[in-house]
Amino acid sequence: MPIKSRVRTVPHYPKPGILFRDITTVLKDPVGLRLTVDELARRYRDMKIDKIAGIESRGFILAAPLAYVLGKGFVPIRKKGKLPAATIGHDYELEYGSDRIEIHTDAIEKGERVLLVDDLIATGGTAQAACILIEKMGGQIVECAFMIDLPDIGGRARLEQGGHTVFALCEFEGD
Ligand code: AMP
């Protein structure tokens with residue numbers, strides 16, 4: 001498990017009871033970074049993909065090199081108010097309160113096939129909101145790809161129930 005073994009777990013961050021899965025220890029290691037991007041590239045090289053969308057901010061770190069290696073365009077999906085041109089957004093519920101993500105209205109053409117990338121899937125709320133945005137623009141989600149899945153929290157099941165397929169390079173049981 002060369003990727004999983006490089007992930008650092010930080011207990012009680014950002015608040016008590018959370019086990020934060022820190023990918024900086026994978027990224028700082030040239031082997032870890034290369035394995036991550038290469039493994040994703042191997043999976044997606046032969047799939048028909050037009051754009052790779054990354055979710056702010058850790059999703060950018062994986063989506064951009066993957067887009068570069070595969071020769072595809074990279075599209076950022078950002079938190080509220082960060083994108084400079086015209087956007088559409090989607091509000092989604094968090095454990096406490098709500099959040100909003102946005103995408104430029106010219107980021108995806110109708111009918112384009114989009115791979116969605118983030119570092120980790122927990123509840124799946126963020127990825128589901130991103131899928132809704134991409135589909136609102138007429139994009140088709142090829143798959144949702146993550147470095148880490150926390151399957152016991154149920155995000156994968158949630159995305160699959162919504163008709164999306166999910167791929168993760170490693171899983172951590174529990175939360
Ligand atoms: P969710 O919408 O619940 O699937 O949360 C996904 C987002 O929150 C991802 O962008 C992760 O970066 C971050 N996240 C949620 N839980 C964790 C965790 N235990 N460790 C690290 N990042 C997390």
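Tutor: P14 is found in the loop between strand 1 (8-11) and strand 2. The model is predicted.

Student: What makes the peptide bond from Y13 to P14 stand out?

Tutor: Its omega is near 0°, and the bond is cis. Most peptide bonds are trans.

Student: Which residues does the other cis peptide bond, with omega about -10°, join?

Tutor: E56 and S57 are joined by that cis bond. S57 lies in the loop between strand 3 (51-55) and helix 3 (58-70).

Student: What makes the phi of H12 worth a remark?

Tutor: H12 is not a glycine, yet its phi is positive, about 60°. Most residues other than glycine have a negative phi. H12 is found in the loop between strand 1 and strand 2.

Student: Why is H12 called exposed?

Tutor: The cut-off for exposed is over 50% relative accessible area. H12 has 57%, therefore it counts as exposed.

Student: How do you know whether G17 is buried or exposed?

Tutor: G17 has 52% relative accessibility, which is over 50%, so G17 is exposed. G17 is also found in the loop between strand 1 and strand 2.

Student: Why is E112 called buried?

Tutor: Buried means under 20% relative accessible area. The value for E112 is 15%, so the residue is buried. E112 is in the loop between strand 6 (98-104) and strand 7.

Student: What makes the approach of the E112 side chain to the backbone nitrogen of E109 a polar contact?

Tutor: The distance is 2.9 Å, and the limit for a polar contact is 3.5 Å. The pair therefore falls within the limit.

Student: How do you know whether E173 is buried or exposed?

Tutor: E173 has a relative accessible area of 54%, which is over 50%, so E173 is exposed. E173 lies in the segment after strand 9 (166-171). Its C-alpha atom is 6.6 Å from that of P151, 22 residues apart along the chain.

Student: Turning to the ligand, which residues of the shell are closest?

Tutor: The ligand is surrounded by 14 residues, of which R58, A122, T123, G124 and T126 are the closest.

Student: How much of the ligand's accessible area does the protein cover?

Tutor: On its own the ligand has 480 Å² of accessible area, and the protein covers 81% of that.

Student: Where does the ligand sit?

Tutor: The ligand sits in the largest pocket. That wording requires more than half of its atoms to lie within 2 Å of the pocket's grid points.

Student: Which elements supply at least two residues of the shell?

Tutor: They are strand 2 (19-22), strand 7 (113-121) and helix 4 (125-136). Strand 7 gives the most, four residues.

Student: What classes does the shell contain?

Tutor: The shell has six nonpolar, four polar and four charged residues.

Conventions. Residues numbered from 1 in each chain as written. Predicted model: local features only at pLDDT ≥ 70, side-chain atom pairs only at ≥ 80, totals over all residues. Heavy atoms only, no water. Near = heavy atom within 4 Å. Areas by Shrake-Rupley, 256 points an atom, 1.4 Å probe, with all protein chains shown as cover. 1 Å grid on protein atoms, 1.4 Å probe; cavity = no way out; pocket = protein on both sides within 12 Å on 5 of 7 lines; lining within 4 Å. Nonpolar A, V, L, I, M, F, W, Y, C, P; charged D, E, K, R; others polar. Buried < 20%, exposed > 50% of the residue type's maximum accessible area, 1.4 Å probe, protein only. Polar contact = N/O pair within 3.5 Å; in protein donor to acceptor, adjacent residues only side chain to side chain.
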